[in-house]
Amino acid sequence: APPAPPVLDVRGVTVRFAGLTALDEVSFTVAPGSVHALIGPNGAGKSTCFNVLSGLCRPSAGTVALGDTELTRLAPHRIAALGVARTFQNIVTTHGTVADNLMLGRHALSRAGFAAGALRLPRAVREQREHLARAREIAELTGLGAHFDSPVALLPYGDRKRVELARALCLEPRVLLLDEPVAGMNSAERARTAEVVGELRSELGLSVLLVEHDMGLVMRLADDVTVLDFGRPMAHGTPDEVRQDPEVLRAYLGT
Ligand code: ADP
Ligand code: MG
């Protein structure tokens, strides 16, 4: 059988800031139900790439498509509504309970339902109850079930950071973009989070684009790896292929 068409198709994306080319004709695809890792040294353009994919940064050239839908010039909320959810490298919530944070994610999914909820229309009340039930399921899927009603400020760092992943999942995304999801976590928290991401792929068939510095985790989770270096795609392949690429070894290990 021919390979399934990609869920996300990034072609020739270029981003220029004053005097700096942050992304230089970057192309890659994310296959459905796969984990694609985007790696590279600090400043390589990984977060900028996420900003393009989520509509926060307009590329100077290139296109992004989700299935058959071109995303390139759409506003962030439209892109999210079409099924691209993301987490941010440096944002970890400190407000509210786990449930509150996940309901914010559901809110982004259906503004209208929530506006009506304020008026306590019967249909809206039912929808609100369904959103709460789904938020609870997502908390279970992400290892946060036991903390559903806890204030996030009281949770260990690893759980608090994983609330961001859970909130992104509340959008019911077709593609989940994770920007350094284990940064700052201890090794037990990293292992737990890796297990969660692995389960999201194997059990829900979720497609994931992963930016992560933890190479052990990348090698364990990723089906495909794209390496960026100063905004340029430097290598692409399976984790084993990329790990043996002489150029990658030179860039990473200075050999
Ligand atoms: P990474 O996530 O791989 O560490 P970034 O995408 O954050 O890299 O940054 C890539 C390059 O673009 C860096 O040199 C960074 O300083 C620069 N950069 C990122 N955002 C902006 C911006 N808004 N304005 C100017 N330069 C930026
Ligand atoms: Mg970054």
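In an open sheet, 4 strands follow the order E2-E1-E4-E5 with antiparallel pairing, where two strands pair if DSSP finds at least two bridges between them; helices (H or I, at least four residues) and strands (E, at least two) are DSSP runs, numbered from the N terminus. E2 and strand E5 (69-70) stand at the edges with a single partner strand each, so one side of each has no neighbour in the sheet. Ala65 stands opposite Glu70 in E5. The model is predicted, so that local features need pLDDT of at least 70 and side-chain atom pairs count only at pLDDT 80 or more, whereas totals for chains, interfaces and linings use all residues. Residues are numbered from 1 along each chain as its sequence is written, while chains are lettered from A and ligands numbered from 1 in the order in which they are written.

Strand E3 (residues 35-39) is largely enclosed by the rest of the structure, because 5 of its 5 residues are buried (20 or more other C-beta atoms, placed from the backbone, lie within 10 Å of the residue's own). Val35, Ala37 and Ile39 point one way from E3, and His36 and Leu38 point the other way.

| Pair | Bridges | Direction |
|---|---|---|
| E4 (residues 61-66) and E5 | 2 bridges | antiparallel |
| E3 and E8 (residues 207-211) | 4 bridges | parallel |
| E3 and E9 (residues 224-229) | 4 bridges | parallel |

Ala37 has Leu210 as its bridge partner in E8, and His36 has Asp224 as its bridge partner in E9.

Around ligand 1 lie Phe17, Leu20, Ala22, Gly40, Asn42, Gly43, Ala44, Gly45, Lys46, Ser47 and Thr48, a residue being near a molecule if its C-beta atom, placed from the backbone, lies within 6 Å of it. Strand E2 (20-30) and helix H1 (46-53) are the elements that give two or more residues to this shell, and the largest share, 3 residues, comes from H1. The shell divides into 4 nonpolar, 6 polar and 1 charged residues, where Ala, Val, Leu, Ile, Met, Phe, Trp, Tyr, Cys and Pro count as nonpolar, Asp, Glu, Lys and Arg as charged, and the others, Gly among them, as polar.

Helix H3 (residues 98-109) and helix H5 (residues 122-141) pack at an angle of about 115°, with their axes 9 Å apart; axes are lines fitted to C-alpha atoms, for helices over the stretch in contact, and angles run from 0 to 180 degrees between N-to-C directions. The residues of this contact divide into 8 nonpolar, 1 polar and 2 charged.

Notes. Buried ≥ 20, exposed ≤ 12 C-beta atoms within 10 Å, placed from the backbone.
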